[in-house]
Amino acid sequence: MSSERSVMAVIRAARPSFRNDNDKIAFAVHASFLSSGFVLTATGRDALADNVFASPSTDEVGIDNWNEFEDHYAFVYTNPEKGSSKVLVKCLVMNRKLLVDALADGSSEPVHLEIDIDNYVGENGSGNYAARYKNLENLVSSLDKEVISKLYGSSSKPSSSSNPPSLETSEGSRRDINGAGVRINEPIGPQFHPSGVVIPPINPIRGSDVFPGPGAGMYPSRYFSSKSVF
């Protein structure tokens, strides 16, 4: 996971030249991917080739020509932690917004994020890269949450209870597990015999010497009498 500090470290190490505010935000997108463990394999015109996913090359490249277009950007990355599968990232400038779309090789749908450029650009012409951005922490967090973390889907699996008390089935029975670990199927409602006779359910209260249960074949009474002293 990238952070404001790691993204700024990438920007300072690359020392890019910015023509305008659009360049600043597009490069921050690129720096977020690098600081998250991705490797740049194509940019600019090469990243827009028709066979970008089919190309076997995974060699790392520099940032030459990354901003050769006026209103759009393109980057291709691999992620060694994901088996070097490729990711295509396109950024389009429209009405002072940067529209980011990222597609992982093998995925059917891209992930999308709209970035309001004015919310994240700082001073122009400053020699300090940190001063050229504002709210960079929020920008990095949004990219990680809405784009990078969603590229490969969620890997978490729902956890199951370690000792479920019972399992309800569509056939109207309850499966309990006795002390020996053997499942016991018991009906939970009246059962119908083929002859049409209604068979009473098994009494849910086992009974004891103090409170004996009803006899076999009889419907159980209420669990507690209305005249109970408790």
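This is a predicted model: local features need pLDDT of at least 70, side-chain atom pairs count only at pLDDT 80 or more; totals for chains, interfaces and linings use all residues.
Leaving out residues up to four places away in sequence, I115 touches I25, V29, R96, K97, L98, V100, Y120, L139 and L143.

## Aromatic pairs around W66

The model has 10 aromatic pairs. In one of them, the ring centres of F18 and W66 are 6.5 Å apart and the planes stand at 85°, so this pair is edge-to-face. The angle decides the class here, because planes over 60 degrees apart count as edge-to-face. F18 sits in the loop between α1 (4–14) and α2 (21–35), while W66 sits in the loop between β1 (39–43) and β2 (72–79); the pair therefore ties together parts that are 48 residues apart in sequence. F18 and W66 are both buried.

W66 also pairs with F27, again edge-to-face, at 5.0 Å from centre to centre and with 70° between the planes. F27 belongs to helix α2, and W66 to the loop between β1 and β2, so that distant parts of the chain, 39 residues apart, are linked. Like W66, F27 is buried.

Which residues are linked into a cluster by ring pairs? They are F18, F27, W66, Y73, Y129 and Y133.

## Salt bridges at R19

Side chains of opposite charge can pair when their charged atoms come close. The model contains eight salt bridges. R19 takes part in one with D23, where N and O are 3.0 Å apart, and in another with E70, where the closest N and O atoms are 3.9 Å apart. The second pair spans the chain: R19 is in the loop between α1 and α2 and E70 in the loop between β1 and β2, so parts 51 residues apart in sequence are tied together.

D23 is buried, with 0% relative accessibility. E70, by contrast, is exposed at 55%.

## Other salt bridges

E146 and K150 meet through their side chains in a salt bridge of 2.9 Å, N to O. E146 is partly exposed, with a relative accessible area of 26%. K150 is partly exposed as well, at 43% relative accessibility. Elsewhere, salt bridges with shared partners join D21, K24, R96 and D118 into one network.

N22 lies in helix α2. With a relative accessible area of 12%, N22 is buried. Neighbours within four places in sequence aside, N22 is in contact with Y73, V93, R96 and I117. Two of these contacts lead back to groups described above: Y73 is in the ring cluster, and R96 is in the salt-bridge network.

R5 is in helix α1. R5 is exposed, with a relative accessible area of 75%. How far apart are the C-alpha atoms of R5 and V140? They are separated by 9.8 Å, although the two residues are 135 residues apart along the chain.

How values were computed. Residues are numbered from 1 along each chain as its sequence is written. Side-chain values use heavy atoms; hydrogens and water are left out. Rings of Phe, Tyr and Trp (its six-membered ring) pair if their centres lie within 6.5 Å; planes under 30 degrees apart count as stacked, over 60 as edge-to-face and the rest as tilted. Helices (H or I, at least four residues) and strands (E, at least two) are DSSP runs, numbered from the N terminus. Buried means under 20% relative accessible area, exposed over 50%, partly exposed in between (1.4 Å probe, protein chains only). Contact means heavy atoms within 4.5 Å. A salt bridge is a side-chain nitrogen of Lys or Arg within 4 Å of a carboxyl oxygen of Asp or Glu.
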